[in-house]
Each structure stands twice: as C-alpha cells, then as structure tokens.
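Let's take a friendly look at a protein model together. Please keep its sequence and fold in view as we talk.

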Amino acid sequence: MLDHLKIATKTNHSSVEKVLVQKLKNLSSQEEYANLLFQLYGFYFELEKKVHSIIDNTLLPDMSKRVHVANLHTDLINLNHSAAITTVNNYPDTISSISEAIGVLYVIEGSTLGGQFIAGMLKKQLPTLTDSQINYFLSYGENTMKMWKQFKISIENTTVVLDEESALNAAQNTFKALEIWLQTKQ
Ligand code: HEM
C-alpha cells in the first residue's frame with residue numbers, strides 16, 4: 001500500500017512542493033516566515049487532533065511522538081506571533097475511518113522528509129532564525145529517516161485491515177486541501 005500511496009500522490013506532491021517553495025523563496029523577514037507557519041498551524045491544528053483520535057498506539061506504537069502542531073506552536077511563540085486560530089479548517093470533518101486517517105498521516109509524516117531541506121533553505125534565507133524557531137521543519141531532526149522507516153514498518157506489519165482506496169483518496173485529498181489552503185488563506 002505504501003508504494004501505491006507514493007505513486008498515487010506523486011503529482012500532488014510536486015504541485016504542493018511548487019507552491020511551498022515559491023512561498024519560501026519569497027520570504028524576506030521573520031514576520032513573513034511566522035505568517036507562513038501560522039497558515040500551516042491553521043491547517044494542521046484540527047487535522048492532527050482528528051488523526052490522533054482515530055489512530056492510537058496499537059496501530060503505531062510511537063504514535064504519541066508523532067506530533068507536529070506543538071512544534072508549530074512553539075515556533076510561533078518564539079517568533080512573537082499569535083497562536084490563536086482565526087480560520088477553522090473544515091477538511092478534517094471528512095476523515096472518519098482508520099484507512100482515511102492512515103492516508104492523512106502518510107502525508108503528515110512524509111512532509112518531515114521535505115522539512116529537512118526546508119530548514120536548510122530557511123537558515124540560508126533568514127540567517128537570524130534560530131533552531132528554536134524552526135522546530136516544525138526540523139521535526140525529528142537526525143531521527144527523521146528512522147521515524148519514517150518505522151512508520152512504514154508499522155503500516156506494513158499491522159494486523160488492522162486497511163482499505164487501500166480510502167487511504168489513497170484521503171492522501172490525495174489532504175495534499176489538495178493543503179495546496180488550496182496555502183493559496184487562499186493569508
Ligand atoms: C519545499 C517543499 C518540499 C520538498 C523540497 C520536499 C521534498 C521531499 C523529499 C526530498 C522527499 C523524499 C523522497 C524520497 O526519499 O523518496 C519527500 C517525500 C515526501 N514528501 Fe515532500 N517535500 C516538500 C513538501 C512536502 C509537503 C508540503 C508535503 C505534505 C504536506 C510532503 C509530503 C511528502 C511525502 C508524503 C513524502 C513521502 C513519499 C514516499 O516516499 O512515499 N512534502 N519530500
């Protein structure tokens with residue numbers, strides 16, 4: 001299923017990567033960077049909660065470590081930006097089954113791989129940024145690949161019966177929802 005997820009979302013990934021790279025390249029101040037983090041915070045706040053309410057430690061033993069919104073919150077505070085949600089993301093309401101939640105989690109956990117590159121880009125572009133303001137993109141740091149491999153192993157070995165089509169649709173929809181969110185909410 002993981003190979004199929006990768007193939008099915010290849011064009012979605014390219015598309016959202018393009019949008020995000022453009023936004024990152026245009027950042028010229030810490031304030032603009034904080035605004036981008038705030039956008040991501042608005043997107044993931046309810047989505048992460050929803051995924052964690054459906055997938056527990058029986059499916060992924062390290063599920064409690066897979067939290068990213070807390071990092072966004074820390075970065076926003078360290079950038080003196082508000083962390084009060086202003087626009088509610090309704091996309092999480094469409095997620096209800098374990099298979100759908102796995103599709104969403106695939107996108108969230110996979111994004112930590114790109115995060116490593118983004119953290120490097122940001123440090124070059126905004127040299128005043130400190131690691132305490134890049135927690136979200138640094139994510140698991142040197143453990144990122146290990147966490148990704150563990151995610152894949154857990155999914156491959158689970159005894160929970162997953163519906164592949166639901167997972168693929170949810171993964172594609174998550175990419176699309178993020179892309180729209182990044183392009184429309186300021
Ligand atoms: C500047 C933006 C981004 C860059 C440069 C980037 C780059 C990468 C790279 C280098 C990989 C590893 C490919 C591999 O080893 O096979 C990857 C994988 C992945 N990325 Fe991104 N990424 C970006 C944004 C995102 C975003 C915003 C998301 C989702 C919200 C995302 C989701 C994923 C997923 C799910 C994978 C795993 C693919 C797989 O092996 O199944 N990426 N990305």
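Predicted model: local features only at pLDDT ≥ 70, side-chain atom pairs only at ≥ 80, totals over all residues.

Tutor: Residues are numbered from 1 along each chain as its sequence is written, and side-chain values use heavy atoms, with hydrogens and water left out.

Student: Which helix gives the most to the lining of the largest pocket?

Tutor: Helices here are DSSP runs (H or I, at least four residues) numbered from the N terminus. The lining of the largest pocket counts 35 residues, with H13, G110, S111, L113 and G114 nearest the centre. Helices including α2 (10–25), α5 (98–125) and α8 (164–184) each supply at least two lining residues. The most, 11 residues, come from α5.

Student: What is the only protein donor of the iron atom of the ligand?

Tutor: Donors are N, O and S atoms within 2.8 Å of the metal (3.2 Å for Na, K and Ca); water is not among the atoms, so sites may look incomplete. Look in helix α2, the place of the residue you want. At 2.1 Å from the iron, the only protein donor is NE2 of H13.

Student: Which residues does L122 touch, not counting those up to four places away in sequence?

Tutor: Contact means heavy atoms within 4.5 Å. With residues up to four places away in sequence left out, L122 touches L24, L27, Y33, L129, I134 and F137.

How values were computed
1 Å grid on protein atoms, 1.4 Å probe; cavity = no way out; pocket = protein on both sides within 12 Å on 5 of 7 lines; lining within 4 Å.
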